[in-house]
Each structure stands twice: as structure tokens, then as C-alpha cells.
Amino acid sequence: MVKIALAGNPNCGKTMLFNALTGSNQYVGNWAGVTVEAKEGRLKGEEDVVIADLPGIYSLSPYTPEEIVSRNYLVNEEPDAILNIIDGTNLERNLYLTTQLCEIGIPVIMAINMIDVVRKNGDIINLEEISEHFGCVCFEISALKGTGVKKCAKKAVELARNNKGVPPVHHSFDDRVESAIHFISALLPDGTDMLHKRYYATKIFERDKLVVEDFKDFNDVESLIKDVERFYDDDSESIIADQRYKYITSCIDECRTKSGKIPVSEKIDSVITNKYLSLPIFALIMFGVYYLSVSTLGGALADFIEQNVFGENGIPFITENFLNNVNCAPWLTSLIVDGIIAGVGAVLTFVPQIIVLFIFLSFLEDCGYMSRIAFIMDKLFRKFGLSGKSFIPILVGTGCGVPGIMSSRTIENVNERRMTIITTTFIPCGAKLPVIALIASALFGKAWWVAPSAYFIGIASIICSGILLKKTKIFSGDVSPFVMELPSYHMPTAKSVFRATWDRTWSYIKKAGTIILLASCGVWFLSNFGFYNGNFGMVQHMDNSVLAYIGNFLKNVFTPLGFGTWQASVATLLGLAAKEEIVGVFGVLYDNIGEGFTALSGYSFLIFNLLCAPCVAAMSAIRREMNSMKWTAFAISYQCIFAYGVALVVYQLALLLAGNGVTIATIAAFIILAVFAYMLFRKPYKPKELRK
């Protein structure tokens with residue numbers, strides 16, 4: 001079995017290349033931190049070749065989770081070759097990692113990616129010069145368009161199968177540094193795990209703690225390292241970094257010819273990332289995305305399906321007539337028509353809106369805009385205790401909360417990672433869109449502001465939670481720095497946009513055919529069977545059913561929020577299985593949800609279900625990433641309490657403004673609002689030693 005590792009900087013196109021080589025549909029987002037663990041696949045047409053997609057890293061120093069995963073794979077798994085993907089628009093920064101990969105002792109093939117953008121900018125890259133300077137075979141590719149991909153992969157397989165031992169390192173440092181590295185290298189023991197002594201010697205010189213732990217003679221070289229540090233007046237790690245960039249700079253003028261013109265991306269960024277215009281532009285774009293997805297284009301398509309597919313003359317009517325003609329039992333007819341078709345059909349009705357939303361989001365991700373949003377939001381988030389790294393899981397979470405929560409593992413600071421996990425699911429995911437669309441359509445006549453407001457309520461909740469939590473003792477501390485390389489803008493291909501859209505939409509449809517189907521059957525059974533006159537069986541009215549009994553037990557909890565009916569209570573409870581099931585429950589229990597809601601109570605219902613605990617799958621992801629039942633319980637409890645408080649304040653204050661009298665619930669809302677304001681504006685927690 002041949003192993004080839006894909007290694008490169010974040011956002012250089014590794015995952016896109018991995019998908020092209022293996023036929024995989026691994027998630028691709030145009031920002032750093034998408035790949036958080038090594039993933040393997042078989043090379044198309046080569047069953048004995050394994051391709052490993054490693055997390056994007058800038059170096060092999062073990063400071064971040066991504067660096068540790070990639071480094072451990074390269075050093076411990078010993079792949080037969082490394083395919084080093086390099087962003088051709090940022091050669092200097094990408095070649096820094098190349099110098100380290102060449103030291104490991106594994107054959108390296110350099111793939112200069114985004115060559116189409118390089119040429120569009122008018123730049124020229126000399127492949128022969130790069131190959132000569134770094135001792136690697138070099139190819140020009142475009143992972144997005146598939147240019148040069150097969151040729152590059154073929155050469156990587158060829159080198160992996162004909163590995164002739166440790167390749168020589170072509171780059172070199174100043175004589176004093178080289179002398180120190182050679183001295184340390186001579187002290188290293190011979191062994192099968194020593195792929196290349198230079199790599200280990202350099203890491204020992206840098207005082208890399210993971211390597212130094214296994215090196216018995218470190219004390220013998222410490223004085224040598226200190227002598228070099230005194231000469232350069234710098235620490236050993238910075239000396240090596242400076243030496244690498246010094247070598248790269250000496251090569252780069254021979255390897256690349258710059259056109260001198262300002263790239264288009266920089267011109268666009270002068271407006272998009274402008275300190276005054278960036279947030280209004282972002283708000284306008286996201287407003288447009290949700291408006292088009294729910295109220296206009298997506299809404300029109302959903303109406304067409306509802307009327308012609310799942311309407312009175314559609315599938316329910318045809319199915320019921322067929323079942324009656326074959327003398328099907330009434331209860332079975334009711335199960336199929338009123339349970340399965342009504343429940344699943346209510347969810348599938350919103351597929352057009354899901355598709356439209358994901359097309360827009362996929363386009364914004366692929367073109368490079370969403371990565372700018374992480375950069376822009378970093379400035380805002382830092383004021384409230386979070387960094388731009390926390391916004392990346394939120395961006396991923398717009399598709400599904402599970403990968404969004406998993407993306408938080410790239411955040412090194414434990415407190416920030418926990419805060420991000422707790423707040424990520426506040427953003428509306430694809431599963432919540434049908435709930436938003438249902439409320440907007442049924443209770444607000446598709447008002448233009450309902451769907452966008454749901455998105456911005458999620459953003460506001462994340463920011464407010466960041467303020468609240470950061471001021472407490474357990475989450476206090478400085479915000480970690482956020483460094484991100486902004487990709488060049490490019491026009492996404494139709495294939496990449498529609499594949500990303502299809503993956504997300506298919507996940508939604510699969511839920512409708514599995515979880516929602518089973519849940520709809522359960523809802524039908526529990527809403528049609530119950531105890532009446534001391535006997536258990538089918539009941540004439542749903543109010544006598546088992547489901548009504550459960551809902552009536554819960555409804556008092558939600559009465560202060562305005563939706564104290566057993567149907568709404570059951571929908572909220574079953575929404576914990578899958579948020580789409582809220583729509584499925586309404587499809588089974590309501591002919592018209594206007595019977596159970598006013599516009600205000602419906603909006604309160606929407607707020608609570610947007611912010612409360614997510615679906616079971618997302619809660620399981622929280623448990624895995626928190627790695628603690630205590631923290632998982634805290635996260636879920638905080639989400640539910642926060643959601644309840646926000647919905648209560650909104651509903652009760654709106655009632656008061658509408659002229660209703662003061663009640664106990666109104667007083668409770670004012671108390672919650674006062675506590676919330678105090679937590680927002682109080683001074684942050686400081687340890688005793690920092691207090692004056």
C-alpha cells in the first residue's frame with residue numbers, strides 16, 4: 001500500500017485537491033480550519049494508493065492542534081511521499097513549510113496551486129528554478145479547475161513507489177547555524193525511525209519540546225545553542241525561522257516574475273474590508289441571502305410544491321383515493337396520509353428554500369468572501385471576548401451545527417473553545433430554515449424582515465453571550481490572537497457550488513426519509529391513540545390522545561412565552577430530535593398553524609427554538625468536543641435558559657407595548673432584562689493579584 005500525504009498552508013486548496021484525486025465529497029470552505037483531522041481516501045483508479053488530507057499548517061512546530069495532527073502523521077506514519085500544495089499567489093509564506101517538509105526525509109512533490117489566478121495577475125513562476133533550489137519535482141495545477149491534477153498525482157505515485165532513500169536537502173543556512181546543526185546531527189543515534197537526521201537536529205536546536213524529551217544528550221548541546229543565540233542576539237527558534245526566510249528570499253527573485261499591477265483582490269478588499277463599510281455590506285448581503293431564500297425566490301418555489309405536490313389535489317389526495325379504492329383499513333389510510341405524507345411532506349415542501357440558501361452560501365464561501373467575514377468579525381468579536389477563529393465554526397454552522405461544533409477544535413484557548421461550542425448553534429442552520437420559513441409564511445405573510453431577523457438574532461445572541469460569559473471567572477482571560485491568510489477572490493465553478501449545495505440538501509432529504517419519517521409515524525400514533533372512558537385505543541379527538549397528555553404536562557412552562565398549547569409544546573420537545581421535525585409535527589397536528597398562534601406568539605416560538613438546545617446529533621457533538629458531561633450539561637442548560645429568557649422578554653415587553661396589563665410574567669421579564677443589563681455592563685472579573 002502506497003501512502004501519499006497532502007500537506008500545505010491553510011486554505012491552499014488541499015481538500016479540493018483531495019476531493020479531485022479520490023472522488024470524495026469532503027467539506028470545502030474557503031477559509032482556514034476546515035480540515036481539523038487527517039482524512040484518507042483511495043486514489044481514483046489506483047486501489048493500492050492512499051491519499052491523506054492533513055490539516056493546513058504554517059510550520060511543523062507543535063503549537064496548534066492542526067500542527068500536532070499533521071506533524072505526527074508525517075513523522076510517525078511515514079508516508080511514501082508528500083504532495084506539498086502551495087498557493088501560487090503567496091509563494092514566500094508557503095515555501096516556509098516546504099523547507100521543513102524537505103528536511104523530514106520523505107520525497108516531496110511541489111504542486112503550485114491557483115496557477116490560473118497567478119496568470120490572471122500577470123505573474124510568471126519558473127518551475128525549473130524552484131525545482132533546482134528546493135530539490136523537488138514541481139508542477140503547476142488548479143485544483144478548482146482540475147488543471148494538471150492527474151499529471152501531478154501520477155508523478156507522486158511514481159516517486160512513492162520508487163523511493164530511493166533519504167533525498168538530499170538543497171537549502172542551507174549561515175555557516176554558524178549549519179555547523180551547530182551538523183554537530184547535533186552527529187550525536188543522534190542511528191535507527192529505522194530516523195528518516196532524516198537534519199530534521200531532528202534542527203528541532204533540537206529550536207528546543208522543540210517533543211523532540212528534546214527523547215534526546216538524552218541535550219545538555220551537551222545547550223551551551224552550543226546559547227553561543228549561537230548570543231552571536232545572533234535572538235532565540236534559537238527565531239534564528240531558524242529567519243534563516244528559512246532568508247533562503248526563500250534569496251531564491252524567490254529567480255523563481256518568480258511579478259507583473260507589478262495591483263491584484264483585483266486587493267482592489268475589492270479596499271471596499272469589502274473597509275472599517276466603515278465592511279459590517280453594513282455584510283448585513284446587506286446576508287439580508288439579501290435570507291430574503292431571496294425565504295420570502296421571494298425560494299418561497300415561490302416552496303409554494304408551488306406545496307400546492308401542486310403536497311396540496312389538496314396532490315399526493316395526499318391521490319394516495320387517499322387509491323387506498324380507499326383497495327379497501328385499506330381506515331387507520332392505515334390515516335397513518336399514511338395524515339401521518340407520513342403530512343409530516344414528511346411538510347418538511348420536503350421547504351427543500352427549494354434550502355437549495356436556494358445553500359447555493360448562495362456556497363457561492364460566498366467559494367469566491368472568498370466568507371473568509372473576509374471571519375477577518376472582519378474578529379475586530380468586533382475581540383471586543384466581546386471572542387476572536388475571529390470563533391466565527392469560523394459559526395460560518396460552518398450555517399450549513400449544519402455538527403461540523404460547526406467540530407470546527408471549534410482548531411481554537412487553542414480552552415475557554416474560547418468552550419464558549420464557541422456553547423454559542424455556535426445560535427446561528428440558524430439548514431434544519432432551522434424550514435421553521436423560519438413556516439413562521440414567516442403562515443403568520444407574517446412572508447414579510448421581508450422575518451427571515452433575516454432570525455439570522456441577526458443568532459449573531460446578536462453570540463455576541464451578547466460572549467460578553468456575559470467572558471466576564472465570569474471561569475471564562476476570564478485575554479483573547480487569543482487570530483491570524484488568517486485571505487484567499488484571492490475567484491469565480492466559483494458551477495460544479496463546486498452545486499456539489500456543496502447537493503451535499504447539504506441531500507443530508508436534509510435523508511433526515512426527512514429517516515428521522516422525520518419515524519418521528520411522524522410516532523406523532524400520528526401518539527396523537528390518535530389514548531385513554532378514553534378507561535380504555536386505550538383510537539380517540540375521536542386529539543385532545544384525548546397520549547400526545548395531548550404529554551403536551552398539556554409541558555405547556556405551562558411555555559405559557560409565559562405565548563405558545564402555551566400542547567401542540568407547540570410537543571413540537572418544541574420533538575425538535576430536539578431534529579429541528580425539521582417541528583415542521584413535521586405541525587404538518588400532522590395542524591391544518592392551519594394560525595389556529596394556535598398569533599404573530600407575536602409565533603415569533604416568540606421562533607426565537608426560543610432558534611436559540612435553545614440543538615438537535616440530538618449536535619448535542620452529541622458538544623459532548624465529544626467538550627469531553628466532559630459537566631461542561632456538556634452546562635452548555636445545554638445555558639442555551640435553554642438563554643433562549644427562554646430572550647423569548648420571555650421579547651413576548652412580554654411586546655404585549656406591554658401593545659397595551660396589555662402588567663402580570664407576574666411581565667415582572668419576571670423586567671427582572672431578567674435588569675440582570676442581563678447588569679451582566680453586560682459590569683466590570684470583567686480580575687484575579688486577586690491583578691486587582692488594585
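Biologist: How far apart are Phe287 and Tyr291 along helix α13?

Modeller: Phe287 and Tyr291 are 4 residues apart in helix α13 (residues 278-295), so about one helical turn separates them. Helices (H or I, at least four residues) and strands (E, at least two) are DSSP runs, numbered from the N terminus. This is a predicted model, in which local features need pLDDT of at least 70 and side-chain atom pairs count only at pLDDT 80 or more, while totals for chains, interfaces and linings use all residues. Residues are numbered from 1 along each chain as its sequence is written, and side-chain values use heavy atoms, with hydrogens and water left out.

Biologist: What makes two rings an aromatic pair, and which planes count as stacked, edge-to-face or tilted?

Modeller: Rings of Phe, Tyr and Trp (its six-membered ring) pair if their centres lie within 6.5 Å; planes under 30 degrees apart are stacked, over 60 edge-to-face, and the rest tilted. By this rule there are 34 aromatic pairs. Phe287 and Tyr291 are one of them, at 5.8 Å centre to centre and 5° between the planes. Because 5° is under 30 degrees, the pair is called stacked.

Biologist: Why are Phe287 and Tyr291 called partly exposed?

Modeller: Buried means under 20% relative accessible area, exposed over 50%, and partly exposed in between (1.4 Å probe, protein chains only). Phe287 has 25% and Tyr291 has 28%, so both fall in the middle class. Elsewhere, Trp524 and Phe529 form an edge-to-face pair, with 6.0 Å centre to centre and 70° between the planes. Trp524, at 3%, is buried, and Phe529, at 17%, is buried too.

Biologist: Which residues form one aromatic cluster?

Modeller: Phe558, Phe563, Phe586, Tyr590, Phe597, Phe605, Phe608 and Tyr644 form it.

Biologist: How do you know that Lys14 and Asp53 form a salt bridge?

Modeller: A salt bridge is a side-chain nitrogen of Lys or Arg within 4 Å of a carboxyl oxygen of Asp or Glu. The closest N and O atoms of Lys14 and Asp53 are 3.4 Å apart, so the pair qualifies. A search of the whole structure finds 24 salt bridges.

Biologist: How are Glu158 and Lys155 separated in helix α6?

Modeller: They are 3 residues apart, so about one helical turn separates them. Their closest N and O atoms are 3.4 Å apart, and they form a salt bridge. Glu158, at 40%, and Lys155, at 23%, are partly exposed. Salt bridges that share partners also join Glu103, Glu178, Arg198 and Arg244 into one network.

Biologist: Where is Phe139, and how far is it from Lys155?

Modeller: Phe139 is in strand β7 (residues 137-140). Phe139 and Lys155 are 16 residues apart in sequence and 9.5 Å apart in space, C-alpha to C-alpha. At 12%, Phe139 is under the 20% limit and therefore buried.
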